[in-house]
Amino acid sequence: MTVCAIEPVAGHEDGAGRAGCTITADGGYAARLASAGDSFFPERWTLDGPEPYAVPLPGNQPEEPGTEVQPLGDGRVLIHRLVDGRHAFSLLYPAGAGTGELPLGTVACPEEGTRPRLLPPAPGGERAYAIAAGPRSTTVWLVAGGARGPERVAEVPGRCSGGVWLDRAGRMLALDREAGGCTKAVVVDLGRGGEVSPLLQIAEGSDDRVLLADPDSGLLLIRSDAASPGRDRLGWGVLGSTLPVRFPQCLRLPDCTVTPFAIQPGQMLTPEGCAVALRVDGAAGSWVGVWRPAERKVRHFPAPAGWLTGAGLWTADGALRLPYATRSVPCGVAVLRVPGQERPPEGLEVRRAVGSATSGELPPEQGGSGPVSAELPAGAAPLAFGVSAALAVTRPVPLQQAPLARLVTK
């Protein structure tokens, strides 16, 4: 299942801000740095049961605001702290009335300005990776799931950002590498000692970044200035395809920042039909957009109150699940079914934590979280506690070259 990332745009530093939580690749768990007054503590959410519920995992002292957390597939939570100038990684888990902690080791970054950053959760949920970008090279670290603490698994020439998994095996990793005054996406094969090859090259002097990828359909979401030199635009392509990269006009929203955060999985051989969830940030706040490559429009929906902004995932049957937390519902999931889907009902459903006083807070019809399109259904469907469908596993063909379409408005 497509995941959201702790860094914007699945790990990119040039997005609209950090997502409110991180979700495992299979959608079973989420983790976030929650707050209680001025204090911060890790919190794990369980999402694959009848109702979502949260478990606080506080340590012996409050965490720093920039502390990274990431759930693993077995329910433990990886935490990344800065301790005495070194980057320490530990696994947190519930232990009776308290929190158990398993130290994994530390990573030293002697070069100034070099700081490890967790990559999006790897498929399988057993391993976790981080990258540390230096001025001349970038190191890929296996920080959880190895045999003996953090391990250096690849050294990539150049300064890299981003981080998108291209396959279900957690082997092919896309990174955005700065070189020669521009940024190009490359693929790092962790199964072959970090072998690097080109992934996305549209024009010689363009900045071409990979934002999201879906292994089932091969759909890629990219950001590039190839179509409009000096101005980044959102586009899409297909892994292994000879078709050109396209930059739909409908994804250009005036005075707004548009950030894709989830792709509908399970759409074998039909990338044009995949639904893509967009975080839209504008003067009115943040809201949710939904778009498909086969369509020439973006559908706009208000986010649920308390949305963990930028976080969410699709089910294979076309439901977008958005985690949210409010004072009355500390752990909830709003389910958005977009008009035009084959399976009713349309609109927002709410999944709430056990013991909540209310059934959740639906987005207002006016104002609040952002504009509402004319296609937004009135009202909301009854409470639903479904479990996401299992996803098939395929292996994509890495993209080598991506020609630029002459017509970029489709």
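**Close-up views of a predicted model**

**View 1. Pairing of strand E25 with strand E26.** Tyr-324 has Gly-332 as its bridge partner in E26, in a model that is predicted rather than determined by experiment. The two strands, E25 and E26 (residues 332–337), run antiparallel and are joined by six bridges. Strands of a sheet pair through backbone hydrogen bonds, either parallel or antiparallel.

**View 2. The hairpin of E24 and E25.** On its way into E25, the chain passes through strand E24 (residues 313–314), which runs antiparallel to E25 and is joined to it by two bridges, with Leu-320 of E25 as the bridge partner of Trp-314. Four residues lie between the strands of this hairpin, in which Gly-318 adopts a positive phi near 95°.

**View 3. Burial of strand E25.** Six of the six residues of strand E25 (residues 319–324) are buried. One side carries Ala-319, Arg-321 and Pro-323, the other Leu-320, Leu-322 and Tyr-324, and both faces are covered.

**View 4. The open sheet of E1 to E4.** Four strands, in the order E1-E2-E3-E4, form an open sheet with antiparallel pairing; strand E1 (22–23) and strand E4 (53–56) are the edge strands, each pairing on one side only. Strand E3 (residues 39–46) is joined to E4 by four bridges, and Thr-46 has Tyr-53 of E4 as its bridge partner.

View 5. Where pLDDT is low, the predicted coordinates should not be read in detail.

Key: Residues are numbered from 1 along each chain as its sequence is written. This is a predicted model: local features need pLDDT of at least 70, side-chain atom pairs count only at pLDDT 80 or more; totals for chains, interfaces and linings use all residues. Side-chain values use heavy atoms; hydrogens and water are left out. Two strands pair if DSSP finds at least two bridges between them. Buried means under 20% relative accessible area, exposed over 50%, partly exposed in between (1.4 Å probe, protein chains only).
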